[in-house]
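Here are a few exercises to work through with the model open beside you. Try each task before reading its solution.

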Amino acid sequence: MAPSVDRTPVYLQVVNHLRDQILKGEIKDGDKIPSVRQLAETWNISQATALKAVAALRADGLVESVVGHGTVVRSKTTLHRSSHDRLSRMLSTGRIYTPGEYAVISVAELVPAPAHVADTYGIEAGSPVIKRVRVTHNEEGPVSASTSWFSADLAETVPQLLSTERIPGGTTGVILQATGRTAHSADDRMTVSTATADQAEALGLSEGEPVFMGQNTWRDAEGDVIEFGEYFFGKGRWMHYRYELNG
């Protein structure tokens, strides 16, 4: 069988490469991306094509041009890294958070499962599950808040899940080390709501302010749930998804 050929336009290959580096934190906020001339030389493309790629990143809100300095990453206040972005970063680098980001965990304990969490795990409502609540910060303050739910079976094999100390490599990394299970597939669903009093306090918002809310479910190769997460963040931030459409 003949090898597959990447038919993505070259300028989009450049865009996708740089976007992935930004989302994974390999190019940090404030860093310069390669100049149009450097991109043209590296990718063997015209400067017009390289300029088109940079313009696409500007349109995404990931970079901005600074007179006399070049094009720099500007993502602290505009970007929300999705669960997919963080999982990809963990699998490729062993770290969940990008430079300048950190999480504050306020809850890490066994609790009775709410109905929607019980349905996700296929257990009775009120059965014990592990709950971890965190707020992710960068240098400018809180970025997003999330709650992760895990099977109570992991309480003994992965005791770190019951500690409010940060876990190097994230929860998926420590579960992989302890059990050999890793995320094989993921489902995400999203909606828009208004901030409750608790949500507003967590992110420094006003109660009733619009918030983006999402849920993500990570499953292993057997289809069993490894982690069910819920998250929210305020207005002005964008999530980026890239996918291929086969005609």
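Contact here means heavy atoms within 4.5 Å. Helices (H or I, at least four residues) and strands (E, at least two) are DSSP runs, numbered from the N terminus. This is a predicted model, where local features need pLDDT of at least 70, side-chain atom pairs count only at pLDDT 80 or more, and totals for chains, interfaces and linings use all residues. Residues are numbered from 1 along each chain as its sequence is written, and side-chain values use heavy atoms, with hydrogens and water left out.

**Exercise 1.** Find the buried residues of α1 and what they pack against.

*Solution.* Start with the helix: α1 covers residues 10–23. Next, pick out V14, V15, N16, L18, R19, I22 and L23, which are buried (under 20% relative accessible area, exposed being over 50% and partly exposed in between; 1.4 Å probe, protein chains only). Finally, look at their partners: α2 (36–43), α3 (47–59), β1 (63–66), β2 (70–73) and α4 (83–93).

**Exercise 2.** Describe how α1 and α3 pack.

*Solution.* First take the geometry: the angle is about 45°, and the axes lie 9 Å apart. That makes α1 oblique to α3 (angles under 35 degrees count as roughly parallel, over 145 as roughly antiparallel, 65 to 115 as roughly perpendicular and the rest as oblique). Then list the residues: Y11, V14, V15, L18 and R19 of α1 meet T49, K52, A53, A56 and L57 of α3.

**Exercise 3.** Which residues does T172 contact, beyond its neighbours within four places in sequence?

*Solution.* Locate T172 in helix α7 (residues 170–179). T172 is buried, at 7% relative accessible area. Its contacts, those neighbours aside, are L87, M90, I96, W218 and E227.

Methods
The expected span of a helix is 1.5 Å times one less than its number of residues. Axes are lines fitted to C-alpha atoms, for helices over the stretch in contact, and angles run from 0 to 180 degrees between N-to-C directions.
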